[in-house]
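Welcome! Take a moment to look over the structure below, and then let's walk through it together.

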Amino acid sequence: MSPYLLRLVAACLLLAPVLAACGGDDAPSTTPGVITESPNPVPSIGGPQQQPAPPQELSAEPVEPSDGAIEIAASGLQFTENYLHIETGQAVTIRLTNEDDVPHNLRIAGVDGQFGTEDDAVVTPDQVDPGQVGELTFAPAAPGAYTFRCDFHPDTMGGEIVVGDATPIPAVTPTPADASSGDDTADTPAE
Ligand SMILES: [Cu+2]
């Protein structure tokens with residue numbers, strides 16, 4: 001390559017970014033009056049994400065807090081009250097008394113609709129032993145229906161906390177066919 005060509009190539013390389021920067025794109029990247037919204041991981045308007053269906057038939061009537069608290073029990077491997085209702089913007093303390101002789105707890109899925117994630121609300125202690133009381137405070141950011149469950153009995157113990165005038169998610173009720181096939185396929189070792 002001749003020295004002349006080399007200089008030409010070098011000049012082009014040096015000029016390329018300048019030409020690209022000057023060409024065409026004369027609109028400023030920030031337009032006055034236009035607010036760019038930043039992504040928000042917590043939906044504040046749309047409400048909670050799709051929640052799992054509770055694995056226990058809901059109580060007929062919703063339970064409202066009394067003095068900011070709702071008292072429920074775990075008894076006979078079920079939540080005694082599992083259809084709870086609070087107003088939008090309200091915080092509620094849920095107190096769970098374990099009347100059984102096995103551990104229970106109560107975990108709310110939170111806005112992401114998933115159990116076992118950071119936005120869950122879980123009673124303290126997270127294992128409520130027989131005779132103990134566990135407690136949590138739930139202050140949802142958005143109205144909607146939130147599912148809770150017992151981590152020790154996730155297939156049989158659960159419920160709904162309805163915030164505002166949302167509709168509770170119906171429980172999954174096993175059909176007789178499901179129940180019998182479930183028994184058939186249950187792999188319990190002979191004792
Ligand atoms: Cu349980």
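## Starting with one residue

Asn98 counts as buried because it has 21 C-beta neighbours inside 10 Å. A residue is called buried if 20 or more other C-beta atoms lie within 10 Å of its own, exposed if 12 or fewer, and partly exposed in between, with C-beta atoms placed from the backbone. Asn98 lies in strand E4 (residues 92–98). Helices (H or I, at least four residues) and strands (E, at least two) are DSSP runs, numbered from the N terminus.

Which residues does Asn98 touch, leaving aside its neighbours within four places in sequence? Its contacts are Ala74, His104, Val128, Asp129, Pro130, Gly131 and Gln132; two residues are in contact if their C-beta atoms, placed from the backbone, lie within 7 Å. Asn98 and Ala73 are 25 residues apart in sequence, and their C-alpha atoms are 5.7 Å apart in space.

## About the model

This is a predicted model, in which local features need pLDDT of at least 70 and side-chain atom pairs count only at pLDDT 80 or more, while totals for chains, interfaces and linings use all residues. Residues are numbered from 1 along each chain as its sequence is written.

## The whole chain

The protein chain has two helices and nine strands, and along the sequence they follow the pattern α-β-β-β-β-β-β-β-β-β-α. Of its 191 residues, 24% are buried.

## A sheet of five strands

Five strands form an open sheet in the order E3-E9-E8-E5-E6, with mixed pairing. Its edge strands are E3 and E6 (121–122), each pairing on one side only. Two strands pair if DSSP finds at least two bridges between them.

E3 and E9 (residues 158–163) pair in the parallel sense over four bridges, and Ile86 has Val163 in E9 as its bridge partner. E8 (residues 144–149) pairs with E9 in the antiparallel sense over six bridges; here Arg149 is partnered by Gly158.

Is E3 (residues 83–86) covered on one face or on both faces? Both are covered: Tyr83 and His85 on one side, and Leu84 and Ile86 on the other, are all buried.

## The nonpolar core

A nonpolar core is a set of buried Ala, Val, Leu, Ile, Met, Phe, Trp, Tyr and Cys residues joined through C-beta atoms within 7 Å. The largest one here has 23 residues, of which Ile94, Leu106 and Ile161 touch the most other members. Strands E1 (69–75), E3, E4, E7 (133–138), E8 and E9 each give two or more residues to this core.

Beyond its neighbours within four places in sequence, Ile161 is in contact with Leu84, Ile86, Ile108, Phe138, Tyr146 and Phe148.
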